[in-house]
Amino acid sequence: MPDLIVDHLAKEYPTRAEPLRVLSDVSLELSRGENLAILGPSGSGKSTLLYAIGTLDPPTSGSISIAGRDPYTLGEPELAAFRHQHIGFVFQDHHLLPQLTVLENVLVPTLATGKPSREQFDRATELLRDVGLAERIGHLPGELSGGDRERVARAASC
């Protein structure tokens, strides 16, 4: 069974005249280890689809199943925990919190379930080592190059 199932997804936004349909009847399936490229011109709904799959913006109709569950049936606390367990985000902008250290920025996603555990702390340190930033875990984002900030964001999405 696929890990991601998008079934007849549609997304509309209200406008004064009539609803603006951004997605219409999108269906796809993806299993662990498979890759998918979403291509199209600006304004074609690529980001809208990713926001729906990422549980950031619910569809108008259709359904999404991730790991056998419909995340849109969950309450907000359960949805936050579900995102933490099943979904990783890599944004075009780095979205690092400037007042937090590199290590603290990588640990931010763990806060959805409370205080980071020792295991999560060790994993964050390992991820930073993997992207070549072990020596900079105490630095603030403003003390890093753009490439280093991108690597912090990549580690935080794992």
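## Salt bridges around Asp148

In this predicted model, the side chains of Asp148 and Arg136 meet in a salt bridge, with 3.0 Å from N to O. The pair ties together distant parts of the chain: Asp148 sits in helix α5 (residues 146–156), while Arg136 belongs to the loop between α4 (118–130) and α5, 12 residues away. Asp148 has a relative accessibility of 10%, and because the cut-off for buried is under 20%, Asp148 counts as buried. Arg136, with a relative accessible area of 23%, is partly exposed.

Arg151 counts as partly exposed, at 24% relative accessibility. Taken together, Arg136, Asp148 and Arg151 are linked in a network of salt bridges.

## Arg21 and Glu12

Searching the whole structure turns up seven salt bridges. One of them joins Arg21 to Glu12, where the closest N and O atoms are 2.7 Å apart. Here Arg21 is partly exposed, with a relative accessible area of 43%, and Glu12 is partly exposed too, with a relative accessible area of 25%.

## The three-stranded sheet

Now for the strands. Three of them build an open sheet in the order β2-β1-β3, with antiparallel pairing. The edges are taken by β2 (20–30) and β3 (61–66); each has a single partner strand, so one side of each is left without a neighbour in the sheet. On average, and with direction ignored, neighbouring strands of this sheet are turned by 20 degrees against each other.

Strand β1 (residues 4–13) runs antiparallel to β3, and five bridges join the two. Within these strands, Val6 stands opposite Ile64 in β3. Helix α1 (residues 46–53) lies across β1, β2 and β3, and runs at about 120 degrees to β1.

Which residues touch the most other members of the largest nonpolar core? They are Leu4, Val6, Leu9, Val26, Leu49 and Ile64, out of 16 residues in this core. The elements giving two or more residues to the core are β1, β2, α1, β3 and α2 (76–86). Of these, β2 gives the most, with four residues.

Leu4 shows what such a position looks like in detail. Setting aside its neighbours within four places in sequence, Leu4 is in contact with Leu28, Glu29, Leu30, Ile53, Ile64, Ser65 and Ile66. A second, separate core holds 15 residues, including Ala124, Leu144, Ala153 and Ala156.

Key: Residues numbered from 1 in each chain as written. Predicted model: local features only at pLDDT ≥ 70, side-chain atom pairs only at ≥ 80, totals over all residues. Heavy atoms only, no water. Pairing = 2+ DSSP bridges. Axes fitted to C-alpha atoms, helices over the stretch in contact; angles between N-to-C directions. Contact = heavy atoms within 4.5 Å. Core = buried A, V, L, I, M, F, W, Y, C linked by side-chain atoms within 4.5 Å. Buried < 20%, exposed > 50% of the residue type's maximum accessible area, 1.4 Å probe, protein only. Salt bridge = Lys/Arg side-chain N within 4 Å of Asp/Glu carboxyl O.
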